[in-house]
Amino acid sequence: MAVGLLVTCLNDVLYPETGKAVVTLLRRLGVEVTFPAGQTCCGQPMVNTGYLDEAVPLVRRHVEAFAGCEAIVVPSGSCAGSVRHQHRIVARRSGDPGLVRAVEESPPVYELSEYLVDVLGVVDVGAYFPHRVTYHPTCHSLRMLGVGDRPLALLRAVRGLTLCELPAAQECCGFGGTFAVKNPDTSVAMGADKARHVRESGAEVLVAGDNSCLTHIGGLLSRQRAGVRVMHIAEVLAATETPAALADPAAEVAR
Amino acid sequence: MSRTFLGTPAFPEAARSALANTQLRRNLAHATSTIRAKRAAVVGEVAEWERLRRAGAALKDRTLRHLDTYLQQLEESLTRAGATVHWARDAAEANRIVVDVARRHGTDEVVKVKSMVTAEIGLNDALAAAGITAWETDLAELIVQLGDDLPSHILVPAIHRNRSEVREIFLREMGRYGRPAPADLSDVPAELAAAARAHLREKFLRSRVAVSGANFAVAETGTLAVVESEGNGRMCLTLPEVLISVVGIEKLVPTWADLEVFLQLLPRSSTGERMNPYTSLWTGVTPGDGPQEVHVVLLDNGRTQVLADEVGRQALRCIRCSACLNVCPVYERTGGHSYGSVYPGPIGAILTPMLRGVGADAQVDSLPYASSLCGACFEVCPVRIDIPEVLVHLRAEVVDSHRGRPSAQNAAMAAAAWALGDARRTSVAERVAGAVGKLLRRTRRRAPGGRATLGALPGPAARWADARDVPIPAPESFRAWWARTDGGRTEQQ
């Protein structure tokens with residue numbers, strides 16, 4: 001038995017480096033990782049927009065793909081929350097008692113920092129990242145899952161890392177899934193304040209546990225030529241004293 | 001005739017113009033952050049806050065489960081105490097009852113205690129149509145009424161105004177309706193309050209009929225409660241001969257002792273005070289003391305419809321504290337008017353569609369989407385209303401009410417569900433995205449940190465891209481990488 005990596009649809013297509021970082025990190029900590037190839041998307045974009053019927057096949061895919069895993073690890077607070085809280089709602093809606101049962105029997109799902117701190121019991125993951133970093137606690141990791149200060153504890157244990165305080169850290173960045181395009185003006189107004197706070201923090205790198213929020217905040221920072229880059233926490237925790245961690249931050253990841 | 005919310009555009013449009021109002025943004029950011037900090041401080045000092053929240057939620061849930069029994073008990077208790085009980089199915093019935101009572105007393109004016117429910121039913125307009133003027137006596141409601149404005153907050157209806165705007169309104173308008181503001185009025189809050197006090201005093205002393213809502217109605221004793229800060233409510237509840245209280249049927253608590261829980265939860269959540277300055281409790285008629293004719297109008301107006309909704313019914317626990325408004329990042333930036341509803345903010349975004357019915361119109365249907373689902377509202381709600389859960393539930397109702405109709409969103413969601421419904425289809429879509437990504441990476445600039453992005457884009461993509469750079473798909477998806485390298489095991493070392 002191994003832990004199944006739920007890489008998330010967003011990371012799969014836009015940020016594969018985040019998925020690779022999770023694999024590197026977990027293997028370094030002695031965990032056997034598999035990537036169930038049947039996985040697609042947890043269905044959250046549909047559920048949160050009101051398309052419950054459309055989410056039914058996605059939930060079915062998910063439970064089939066991960067059946068037999070010891071646990072599911074996902075580098076996203078939002079997707080973890082979706083699997084933990086929304087899948088049973090979708091399953092009930094389907095009217096299929098088999099799916100309801102399958103969802104109930106599905107392996108436990110952990111957001112990355114929960115898995116590291118609660119299941120593996122580690123805080124120092126042996127990472128090295130010599131940069132000024134600030135951390136944005138994403139809403140779903142903070143308020144839906146309650147990860148608390150686990151990510152901060154992990155970051156504090158990273159060698160070389162300087163943690164800068166983010167003003168109004170707990171305030172939503174304004175991404176909100178389809179909210180970002182259904183209410184673009186409000187979303188950008190919220191994001192503008194988040195970007196301002198990030199700049200005020202004096203950090204060079206903004207770190208979070210959700211690449212969805214980082215796409216939004218990073219998109220604003222990049223448009224402003226703010227000189228702050230965004231990184232998923234998995235990539236920071238996977239970094240060690242090898243040339244890759246010290247690579248030119250302006251260079252695109254080699255492929 | 002005062003202004004109404006009728007004709008407010010759907011939330012995204014209304015928000016766009018509100019976001020451009022720099023004065024509003026400044027006023028709201030200042031007011032909400034002040035009240036947030038006060039609330040956090042006084043809630044933080046109650047060790048058993050979470051237990052209190054759970055007790056409040058449980059009490060309300062039990063009451064709602066047996067609402068029919070408790071309502072009958074309340075009617076009996078009120079009648080025994082000398083009050084006249086009226087039942088109103090909807091706004092029109094409630095307004096007619098109030099107008100009839102006022103008319104019977106031959107009055108052409110009433111004084112009003114601040115009340116959300118009378119705003120919900122449009123009572124002031126109904127009274128005006130009958131030739132009766134309703135004087136709002138709460139300071140913020142007075143500012144709104146004098147300014148021919150609309151309330152934008154449940155607790156602080158004039159939160160969108162700052163003191164210099166209030167001064168202007170008082171100077172310009174007070175003289176038209178009674179005692180004018182002193183000509184040398186400044187914008188010092190104490191002076192503004194003194195002007196309002198003098199203006200209102202003559203109305204308190206003259207009016208023979210008062211209209212109130214109630215924060216709580218105790219079934220066991222027939223006692224109504226009004227919780228307030230200014231004392232205007234106490235004036236209205238004690239000076240006039242006739243008191244008419246309009247009470248939503250969800251305001252019930254079974255026993256007097258239950259007030260213990262709510263009178264701790266409400267002020268701390270609402271004004272950020274340990275205790276509010278004035279708590280008025282009255283039980284029917286007390287001979288020789290206070291109003292000698294007491295009417296209570298018990299109002300449904302969509303509430304039984306909300307009660308029938310298994311997920312949405314938790315909204316009926318609401319005690320109108322407005323803590324959810326003050327922490328909401330959307331409300332803080334768009335203000336209350338953008339919601340086009342008497343109940344703004346997160347609670348309004350769920351309550352209004354349920355009271356009016358999902359599918360009523362595009363404006364109502366836009367409200368459940370007026371949230372990033374950040375969950376700050378649920379975190380502060382003193383009666384644990386899971387507002388994000390209800391928002392998502394109502395979004396599904398909105399979608400279901402439009403199913404089958406062609407729309408770009410329906411088509412996009414169906415296409416996404418198809419592509420993501422099967423890993424092989426997903427993999428094909430990813431290969432296409434990767435090929436596009438490879439092409440774009442050759443031509444486009446790179447964002448810091450290796451995340452390649454596109455700049456501004458035209459058409460529908462502008463909804464994302466006019467303010468945010470767009471991520472470019474990776475040339476190779478994670479899935480493809482895993483398959484090619486056996487999960488990284490065969491990758492070059």
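Which residues in H4(A) meet which residues in H6(A)? In this predicted model, A:Val59, A:Arg60 and A:Val63 in H4(A) meet A:Leu99, A:Ala102 and A:Val103 in H6(A). By class, the residues of this contact are five nonpolar, no polar and one charged.

**Helix packing in chain A**

Two packed helices are described by the angle between their axes and the distance between the axes. For helix H4 (residues 52-66) of chain A and helix H6 (residues 97-105) of chain A, the axes come within 10 Å and cross at roughly 50°. H4(A) and H6(A) are therefore oblique to each other. Their crossing is left-handed.

**Domains**

Within chain A, 26 residues of domain 1 are in contact with 22 residues of domain 2. On the side of domain 1 of chain A that touches domain 2 of chain A, at least two residues each are supplied by helix H1 (9-13), helix H2 (16-28), helix H3 (44-49), helix H5 (77-94) and helix H7 (112-119) of chain A. H2(A) gives the most to this side, with six residues. The residues of this side of domain 1 of chain A divide into 11 nonpolar, 12 polar and three charged.

**Contact between the chains**

Between the chains, 64 residues of chain A are in contact with 59 residues of chain B. Helix H12 (residues 211-223) of chain A provides the largest share of the side of chain A that touches chain B, namely seven residues. That side of chain A has 34 nonpolar, 18 polar and 12 charged residues.

**Confidence in chain A**

Chain A has a mean pLDDT of 94, and 95% of its residues reach 70 or more. Over residues 245-255 of chain A, however, the pLDDT is below 50. This stretch of chain A has 16 contacts in the model beyond near neighbours in sequence. Where pLDDT is low, the predicted coordinates should not be read in detail.

How values were computed. Residues are numbered from 1 along each chain as its sequence is written. Chains are lettered from A and ligands numbered from 1 in the order in which they are written. This is a predicted model: local features need pLDDT of at least 70, side-chain atom pairs count only at pLDDT 80 or more; totals for chains, interfaces and linings use all residues. Axes are lines fitted to C-alpha atoms, for helices over the stretch in contact, and angles run from 0 to 180 degrees between N-to-C directions. Helices (H or I, at least four residues) and strands (E, at least two) are DSSP runs, numbered from the N terminus. Angles under 35 degrees count as roughly parallel, over 145 as roughly antiparallel, 65 to 115 as roughly perpendicular and the rest as oblique. A crossing is left-handed if the near helix is turned anticlockwise from the far one by less than a right angle, and right-handed if clockwise. Two residues are in contact if their C-beta atoms, placed from the backbone, lie within 7 Å. Ala, Val, Leu, Ile, Met, Phe, Trp, Tyr, Cys and Pro count as nonpolar, Asp, Glu, Lys and Arg as charged, and the others, Gly among them, as polar. pLDDT is the predictor's confidence in each residue, from 0 to 100.
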